[in-house]
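Please look over the sequence and the structure shown below before reading on.

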Amino acid sequence: MIEALGVPHTEVELVLVNGESVGFERALDDGDRVAVYPKCELLDVTSLLRVRDRALRETRFVADAHLGGLAHLLRMTGFDTLYDNHFGDDEIECLAASQRRIVLTRDRDLLKRSAITHGCYVRALRSELQLREVFDRLDLARSAQPFTRCLSCNTPLRAIDKAQIAARLPPGVRQRYERFAVCDGCAREFWEGTHWQRMRRLVDFAGGGRTLRALVGRSGKRRCRTLMVQRLRSRTKST
Ligand SMILES: [Zn+2]
């Protein structure tokens, strides 16, 4: 019925019949009230989805030169985030348009550029509060996949058997840890050390932004940055 009216099903994210989310197979009766919604960029509607398992939106970012800390935190939570402190405004605009990335910036004028269709002016100054702000505004908590992306180069991490890299690991690491991942972009190796555990508490997004808020929002004294410097380590660094 929806496609008969000219809307491809690939463009439909949510169908409500009489206020209830339904799948495409739902038959209609006389008098039913139908509302059809496209991809939702601002809200995570995963819990409402009936037409497919995953939301259509693929949240990706490009951060301006002032937001390096936020870019790292977003990568830590699994979001594809481009950042280079040499990015110029033209380059950011181009990346946003060509790769459909949301621009994160503290420069309102940048968001006035015509090719930028999705942007977020970040008000907070501290990176951990910026993360909270972006999570709240774009409803990101449910989409977070902590520790799946390289903090340094943004490449998705790949799990690897310990045996495959054992020879390259420091002896203490080889003894203590069992789970490892590698970055194919910059060849770093990561393992679940004590610092990883501390970060996991920080980004325990099973509880959504509430967990993050509990850690950074109450007094403002708890600094995620302190945890970040103890981040996933490359084998070139000591543990
Ligand atoms: Zn990397």
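## Confidence in the model

The term pLDDT stands for the predictor's confidence in each residue, on a scale from 0 to 100. This is a predicted model, and the mean pLDDT of the chain is 79, with 78% of its residues reaching 70 or more.

Within the chain, confidence is highest in strand 5 (residues 80–83), at a mean of 97, and lowest in helix 8 (residues 224–228), at 30. Over residues 205–239 the pLDDT is below 50, although this stretch has 55 contacts in the model beyond near neighbours in sequence. Where pLDDT is low, the predicted coordinates should not be read in detail.

## The chain as a whole

The secondary structure of the chain consists of eight helices and ten strands. Of its 239 residues, 26% are buried.

## Helix 1 and helix 3

The axes of helix 1 (residues 68–76) and helix 3 (residues 127–138) come within 8 Å and cross at roughly 60°. Angles from 65 to 115 degrees would count as roughly perpendicular and angles under 35 degrees as roughly parallel, and the two helices are therefore oblique to each other. The crossing of helix 1 with helix 3 is right-handed.

On the side of helix 1, the residues that take part are Gly 69, Leu 70, Leu 73 and Leu 74, and these meet Ser 127, Glu 128, Gln 130 and Leu 131 in helix 3. By type, the residues of this contact divide into four nonpolar, three polar and one charged.

Terms used:
Residues are numbered from 1 along each chain as its sequence is written. This is a predicted model: local features need pLDDT of at least 70, side-chain atom pairs count only at pLDDT 80 or more; totals for chains, interfaces and linings use all residues. Helices (H or I, at least four residues) and strands (E, at least two) are DSSP runs, numbered from the N terminus. A residue is buried if 20 or more other C-beta atoms lie within 10 Å of its own, exposed if 12 or fewer, and partly exposed in between; C-beta atoms are placed from the backbone. Axes are lines fitted to C-alpha atoms, for helices over the stretch in contact, and angles run from 0 to 180 degrees between N-to-C directions. Angles under 35 degrees count as roughly parallel, over 145 as roughly antiparallel, 65 to 115 as roughly perpendicular and the rest as oblique. A crossing is left-handed if the near helix is turned anticlockwise from the far one by less than a right angle, and right-handed if clockwise. Two residues are in contact if their C-beta atoms, placed from the backbone, lie within 7 Å. Ala, Val, Leu, Ile, Met, Phe, Trp, Tyr, Cys and Pro count as nonpolar, Asp, Glu, Lys and Arg as charged, and the others, Gly among them, as polar.
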